Amino acid sequence: MQWHVDQWGEGGAIERKLCISANPILALAAFDAAVKEWPDKQITCRHGARVLREHKP
């Protein structure tokens with residue numbers, strides 16, 4: 001299973017797929033960078049259906 005970093009839109013759908021990685025360290029680094037780049041957007045780091053980290057503005 002892969003790690004996904006997603007940016008969510010207003011309607012509750014994925015607006016942008018920011019990262020897909022087999023490495024959790026890389027996915028978490030991408031999540032941290034995405035939160036810095038887009039602090040006004042909802043961003044999640046997921047492994048399958050499990051949400052590891054979530055940023056809500």
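These legends go with several close-up views of a predicted model. Local features need pLDDT of at least 70 and side-chain atom pairs count only at pLDDT 80 or more, while totals for chains, interfaces and linings use all residues. Residues are numbered from 1 along each chain as its sequence is written, and side-chain values use heavy atoms, with hydrogens and water left out.

View 1. His-4 counts as buried because its relative accessibility is 17%. The cut-offs here are under 20% relative accessible area for buried, over 50% for exposed, and partly exposed in between, using a 1.4 Å probe and protein chains only. Look for the side chain of Lys-17, which makes a 3.1 Å polar contact with that of His-4. A polar contact is a pair of N or O atoms within 3.5 Å; within protein, one must be able to donate a hydrogen and the other to accept it, and residues adjacent in sequence count only if both atoms are side-chain atoms. Setting aside neighbours within four places in sequence, His-4 is in contact with Lys-17, Cys-19, Ile-20, Thr-44, Cys-45 and Arg-46, where contact means heavy atoms within 4.5 Å.

**View 2. Asp-6 and Lys-17, joined by a salt bridge.** The N to O distance is 2.9 Å; a salt bridge needs a side-chain nitrogen of Lys or Arg within 4 Å of a carboxyl oxygen of Asp or Glu. This pair links distant parts of the chain, with Asp-6 in strand β1 and Lys-17 in strand β2, 11 residues apart. Asp-6 is buried, at 0% relative accessibility, whereas Lys-17 is partly exposed at 38%. Bring Arg-46 into the picture too: Asp-6, Lys-17 and Arg-46 are linked in a network of salt bridges. For context, a search of the whole structure turns up four salt bridges.

**View 3. Glu-15 meets Lys-41.** Here the closest N and O atoms of the salt bridge are 3.6 Å apart. Glu-15 sits in strand β2 and Lys-41 in the loop between α1 (24–37) and β3 (42–47), so this pair also ties together distant parts of the chain, 26 residues apart. Glu-15 is partly exposed, with a relative accessible area of 42%, and Lys-41 is partly exposed at 26%.

**View 4. Helix α1 to strand β4 through Asp-32 and Arg-53.** Their side chains form a salt bridge at 3.1 Å, N to O. Asp-32 belongs to helix α1 and Arg-53 to strand β4 (residues 50–55), 21 residues apart. Asp-32 is partly exposed at 35% relative accessibility, and Arg-53 is partly exposed at 33%.

**View 5. Cys-19 and Cys-45, in no disulfide.** The whole structure has zero disulfides, taking a disulfide as a pair of cysteine sulfur atoms within 2.5 Å. For Cys-19, the nearest cysteine sulfur is that of Cys-45, 7.7 Å away. Cys-19 is buried at 12% relative accessibility, and Cys-45 is buried at 0%.

**View 6. Gly-12 in the loop between β1 and β2.** Strand β2 covers 14–21. Gly-12 counts as exposed because its relative accessible area is 52%.

Terms used: Helix = DSSP H or I, 4+ residues; strand = E, 2+ residues; numbered from the N terminus.
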